[in-house]
Amino acid sequence: MPFSAQPPASGERYALSASLDNARHLSSLLRAVHFQDYATCLATASGLRVTVEDAKCIQANAFIQAEIFQEFSVQEESVMFRINLSVLLDCLTIFGTSSLPGTSTALRMCYHGYGYPLMLFLEEGGVVTVCKINTQEPDELLDFDFCSTKVVNKIILQSEGLREAFAELDMTSEVLQITMSPDKPYFRLSTFGNAGSAHLDYPRDSDLMEAFHCNQTQTNRYKISLLKPSTKALALSCKVSIRTDAQGFLSLQYMIRNEDGQICFVEYYCCPDENITEAEL
Amino acid sequence: MCEASVSQTAFCSGGRGAAMRFRAKIVDLACLNHFSRLINTIAKLAKTCILRLTVCKLYFILSDKVANGGASMWCELSQGNFFDEFQMEGVAAEHNEIYLELVPENLSRALKTSQSAKAVKIKLTNKHCPCLRVAVELEHPLFSLKPSLSSSSRIVTHDIPVGVIPRRMWNDFREPSVPDFDVSIYLPVLKTMKNVVERMKNLSNFIVIEANLSGEMNLKIETDLVSVTTHFKDLGNPPWASEDGCQSSAQGRDLESMTEACIDIKKLQQLLAAQQVNPTKALCNIVHKRIVHFILLHEEVSLQYFIPAIA
């Protein structure tokens, strides 16, 4: 169906309608969770949450709160749809990824409701691009049931301390083992690869440690291939909080400051790898 | 070793006893860099192409064989704008031209070492098989130690195999005529066009270029998953002198109506990515649903590229 280059008047009733002066505020966050082609978008009055899952073991969420947008309106209580995230990112970055400082792509997003495509209107330097991306029925999402009352161990680290470690993780190791303890080694990352085991310890009094609340010694292993994509979120962030619950479920929360200094969050949840016995730990 | 697709005996049996000769030299560094950039562009557009040498000009020609995906190219430059010395003797007096088939990437590689060369000499040779011998004269590395040898240099030589195209096949490589187009329009800023086309290439194999006589151009892709349209305005339509009135079909025509062609997006992306410098003039002519004809002018070089529409 033909559509004009002009975005519809804001009087029209769209289930979701939003404007953003700098599309990078959205695209850079979405890239941090882009490890699968498809994502589920949930829009509420508080903002936009984009969820990506894999193997029923890992879930990543990018939160772009309503305040980041110049305009954000959701007609019903919530609007949810599944969309091809690779396509969405190609559209959001249609004018290229590296633009000159001072130039940015303006974005207008409209979603009519169930069964309709997501419409994007992007403008840079007087050139307008209109995108129409088909949406699908949203899948049921995993619920890690991770709330602050169930947290056993928690630390907050400055991201720069972890960046190199994560970028250089021994990918020949099947797992990443995380040890958190009130006693030594406090916080340890371990891999067991072809060349041998590697351990990286962070003492509790390290400059990088912003908060340290470990009540119990816990050692958990996670499939390294599932956690590796979180490196993208780590690269963008200034701080990361690492939490585990009694079952060993892992929550990584990344605090990301965008170009305008506004704060956004990306979180990763991961199930512990169950192919190991107590005896091995 | 020798990848000539045409029999090398054609080189020796000139037919009239006249031997083909070609030798040229570039000394000016700016000309050399300009020439290198041009060869890099040609190498990005064609795996193999024809180099036609005449007394005044050089041509790089890619004909529209199926192997090229139907795209064809005609690039023309005046030798006087690049070469300090240029001597050429064709197959015969009344056909004073040489047609060579070569792999431009080989020439590009040979010129890579010429970034700060003192001179580059190119010569047609036939030791074992026809070759273009490219000799790059560089500063001698010991120059600073022995000032008395300041004129000494080292020479890096590349022998690029070429195939000589016999006279009877020259008709295959005639200059394509400007098609009877429906719309002619200046291209938008190439960098923007390139960025957009590169993204669209991730989404679709085909792209529709449409334009009208009001300076508007749209690039469109459409698949099951997504449709994307980029709108360019105020591009301007080049004035073409109507020689016999055939181009004046513009008069009385609806200025807003779009002429379109659906083409292979890889070919368009290749053309845009090959441009190393912003052209002085860039425009395209579209024949509705038939062909898109690009003309890019870089000061002393004119490059024409034809991309046929997908049926």
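**Briefing on a predicted model**

Residues are numbered from 1 along each chain as its sequence is written, chains are lettered from A and ligands numbered from 1 in the order in which they are written, and side-chain values use heavy atoms, with hydrogens and water left out.

- Helices (H or I, at least four residues) and strands (E, at least two) are DSSP runs, numbered from the N terminus.

**The open sheet of chain B**

- In chain B, 9 strands form an open sheet in the order β10-β6-β2-β3-β4-β18-β17-β16-β11, with antiparallel pairing; two strands pair if DSSP finds at least two bridges between them.
- The edge strands of this sheet are β10 (163–164) and β11 (183–186) of chain B, each of which pairs on one side only.
- Strands β2 (residues 49–53) and β3 (residues 57–62) of chain B pair in the antiparallel sense over 4 bridges, and B:Arg52 stands opposite B:Tyr59 in β3(B).

**Buried residues in strands and a helix**

- B:Leu53, in strand β2 of chain B, counts as buried at 0% relative accessibility.
- Leaving aside neighbours within four places in sequence, B:Leu53 is in contact (heavy atoms within 4.5 Å) with B:Phe22, B:Leu58, B:Phe86, B:Met88, B:Asn96, B:Glu97, B:Ile98 and B:Leu100.
- B:Leu53 and B:Lys121 are 68 residues apart in sequence, and their C-alpha atoms are 15 Å apart in space.
- B:Ser184, in strand β11 of chain B, is buried with a relative accessible area of 3%.
- The side chain of B:Ser184 makes a polar contact with the side chain of B:Asn285 at 2.7 Å; a polar contact is a pair of N or O atoms within 3.5 Å, and within protein one must be able to donate a hydrogen and the other to accept it, while residues adjacent in sequence count only if both atoms are side-chain atoms.
- Beyond its neighbours within four places in sequence, B:Ser184 is in contact with residues including B:Asn237, B:Pro238, B:Trp240 and B:Leu283.
- A:Ser86, in helix α2 (residues 85–92) of chain A, is buried with a relative accessible area of 18%, and A:Ser86 touches A:His34 and A:Asp37, not counting residues up to four places away in sequence.

**Backbone geometry in loops of chain A**

- Most residues other than glycine have a negative phi, and most peptide bonds are trans.
- The peptide bond from A:Lys184 to A:Pro185 is cis, with omega near 5 degrees, and A:Pro185 is in the loop between β12 (175–180) and β13 (187–193) of chain A.
- A:Tyr186, found in the loop between β12 and β13 of chain A, has a positive phi near 65 degrees.
- A:Lys56, in the loop between β3 (47–54) and β4 (58–65) of chain A, has a positive phi near 55 degrees and counts as exposed at 63% relative accessibility.

**Salt bridges**

- Over all chains, 14 salt bridges are found, each being a side-chain nitrogen of Lys or Arg within 4 Å of a carboxyl oxygen of Asp or Glu.
- A:Asp139 forms a salt bridge with A:Arg82, with the closest N and O atoms 3.4 Å apart.
- This pair links distant parts of the chain, 57 residues apart, with A:Asp139 in the loop between β10 (135–136) and β11 (151–158) of chain A and A:Arg82 in strand β6 (residues 78–84) of chain A.
- B:Glu105 and B:Arg109 meet through their side chains in a salt bridge (3.6 Å, N to O), and they are separated by about one helical turn because they are 4 residues apart in helix α3 (residues 104–112) of chain B.

Note on methods
This is a predicted model: local features need pLDDT of at least 70, side-chain atom pairs count only at pLDDT 80 or more; totals for chains, interfaces and linings use all residues. Buried means under 20% relative accessible area, exposed over 50%, partly exposed in between (1.4 Å probe, protein chains only).
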